[in-house]
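Hi everyone, thanks for coming. Have a look at what I've put on the screen, and then we'll walk through a few spots together.

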Amino acid sequence: MRHRSVADLMTPTAVAVQRGTPFKEIARLLDEYGITAVPVVDEENRPVGVVSEADLLRRHTAKDGPSTAEAMMSSPVHTARPSWTAVEAARLMERHRVKRLPVVDAGGRLIGVLSRSDLLQLFLRRDRAIQEEIREDVVVRILGLSPAAVHIDVDEGRVTLSGTVGRADLVPLLRRLCESVDGVVEVVDHLVVEPPRD
């Protein structure tokens, strides 16, 4: 099984601002590109913060101090690596209560942005693709079962398993493996354990 990585899901960066970028320029970029936030980078293209629509509104309401990216940005910035799984990135977002993560290369330079909406793409996988991955990777390759042993039905990401397996310990293992497939929302099993023949 190959889990989709941050590199697979991220939006390659076309938009970033410098510390000195003014309020109006940031607002124009957010509007022009249809985005809700923009990374702030240093001279070496390393993220130092993020300016969001909320940051702009806060600054506009307060009307105190300079209105540059550096004055408005949220910092420190939490970043992701392109090789991370979607789960790793989602956990970091949840832990720090952020809606997006700048994605950086090994040198810490900005190469993309991963947002919550990018992560939702996992759950838009076609049911047929989920079914094929479970049959080929989980049932046949990992567990070594016959593809005919387990019937797999997938509807809107909900996986229903039925059929007969030879050992009771395969049932929870099969469920866990199916739950780890990208796009699976829920797993229901109606599996029967075939008692060993004497």
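So, how many bridges join strand β2 to β3? There are 2, and these strands run parallel; strands here are DSSP runs (E, at least two residues), helices are H or I runs of at least four, and both are numbered from the N terminus. Two strands pair if DSSP finds at least two bridges between them.

Quick housekeeping: this is a predicted model, where local features need pLDDT of at least 70, side-chain atom pairs count only at pLDDT 80 or more, and totals for chains, interfaces and linings use all residues. Residues are numbered from 1 along each chain as its sequence is written, and side-chain values use heavy atoms, leaving out hydrogens and water.

Back to β3, residues 37-41. 5 of its 5 residues are buried, so the strand is largely enclosed by the rest of the structure. Buried means under 20% relative accessible area, exposed over 50%, partly exposed in between, with a 1.4 Å probe and protein chains only. Ala37, Pro39 and Val41 point one way, while Val38 and Val40 point the other way. In a regular strand, side chains alternate between the two faces of the sheet.

Who are the partners? Valine 17 stands opposite valine 40 in β3. On to β4, residues 47-52: 5 bridges join this strand to β3, running antiparallel, and proline 47 is the bridge partner of valine 41. In that hairpin, with 5 residues between the strands, asparagine 45 takes a positive phi near 65°.

Last stop, lysine 24, in helix α2. Buried or exposed? Lysine 24 counts as exposed because its relative accessibility is 71%.
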